[in-house]
Amino acid sequence: MLTEFNFHAPSFVVAGRNSVRRSGELLSQWGAGQNIMVVCGSKTYSLGLLEPLLDSIRSEGFTPYVFHGSLPDAPVETVRSGVAYAKEHDVSAIVAFGGGSAMDTAKAIACILDVEGDIVAYCKGLIKPTRRSKLLFAIPTTCGTGSESTDIGVVLDQEENYKYIFSNPFAGPDVAILDPVLLTALSPAMIAATAMDAFSHSAEAYTCKAANVMMEPLALSSMEMIVKHPAAMKAPGDLDELEQLLIASCMAGQAFTQVGLHLGHAIAHGVGVYGHVHHGTACALVLPYALSSVSEAIPDRIAKIGEILGAKIPAQATPREIGLIVSDALQLFNRSIGIKRLSDYGVTEEQLASMAEYAVHEGGTQGNSFRPSPKAEVVDYLRSIL
């Protein structure tokens, strides 16, 4: 583990049941102006899930403006529309309410409002990031992305069929509100998918080149919390379980925002772009390979993840054998919480080569791996889980 590093946890975290009802109070404490932009998805808006948040905002004398155009994968077109909406209503703060796409959309809008140019140019590094002038709050309604506590965002350019990543110290939310009550409407399948996204964040952060001693306990503890609290992934509505998963997700976000991710997310992005598989599900399916592929470089770290999963690793096991044992243990855990095979999510063999090609050219994640993998090897693994 590295002992020379930077560490930045951007968000002031407020956790607790019904804490969403403190949103107005917190906006006031943080000096928000009159107009507040709320970013959410259309489904969230139509189900009326926003009402406790909007009531809280209004109770402090603010005027909420709801931008409910957020779509899965945060398309750049949505970000552009959101920037125009924010300018039209002269907002002083932006509140993201939803899953990773809503939070990524809100982050991108907040970042672009203070610079001249487009979100794609911003992601490509053609625009210098500046400190935000607008407050940014994030209220997750899933337990997976950890985006409420990261300096990282992802947007989809549908024309290029490519997911762009932006990351800088000014992108993270000022305040994160963790309210497990907001997760009670989620299905077990969605809880499982998002929780495994969080597990992947911690597992990849812990096993990447840039891993450091300060993020290590966050990564390990969050993985342990997820494995110890699977009940909500099988039967919805258990607030005690949801609370643990939501906190674990936030911890995982704080871990990986420091050091980045590696091969698992590179492949998962390819699976998402070409197979339209939910990101968390894709992460769960490809993580066994991502971990086993680096076991010969860092067998002790892979064995530690195996210990968390309850795997029995013989003392004389070789690094390669450790990787295979942990891969099998992770696949077993996936099956226990309802994660299926790629073909069950509509993926066909004809799509595998494109997914692998995407993965091996995603430099930010591949370059952070102890062992970047060749395309043919990635295809072989995807075929094995098809």
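1. Tyr289 is buried, because its relative accessible area is 7%; buried means under 20% relative accessible area, exposed over 50%, partly exposed in between (1.4 Å probe, protein chains only). Tyr381 is also buried, at 10%. This is a predicted model: local features need pLDDT of at least 70, side-chain atom pairs count only at pLDDT 80 or more, and totals for chains, interfaces and linings use all residues. Residues are numbered from 1 along each chain as its sequence is written, and side-chain values use heavy atoms, with hydrogens and water left out.

2. Rings of Phe, Tyr and Trp (its six-membered ring) pair if their centres lie within 6.5 Å; planes under 30 degrees apart count as stacked, over 60 as edge-to-face and the rest as tilted. By this rule there are seven aromatic pairs. In one of them, the ring centres of Phe67 and Tyr85 are 5.4 Å apart and the planes meet at 50 degrees, so the pair is tilted. Phe67 sits in strand S3 (residues 63–70) and Tyr85 in helix H4 (residues 76–88), so the pair ties together parts 18 residues apart in sequence. Helices (H or I, at least four residues) and strands (E, at least two) are DSSP runs, numbered from the N terminus. Phe67 and Tyr85 are both buried.

3. Tyr289 and Tyr381 make a stacked pair, 5.1 Å centre to centre with 25 degrees between the planes. Tyr289 is in helix H11 (residues 279–292) and Tyr381 in helix H16 (residues 375–384), 92 residues apart.

4. One aromatic cluster is formed by Tyr162, Tyr164, Tyr274 and Tyr358.

5. Asp104, in helix H5 (residues 100–112), is buried yet has no salt bridge (a side-chain nitrogen of Lys or Arg within 4 Å of a carboxyl oxygen of Asp or Glu).

Conventions. Lys, Arg positive; Asp, Glu negative; His and termini not counted.
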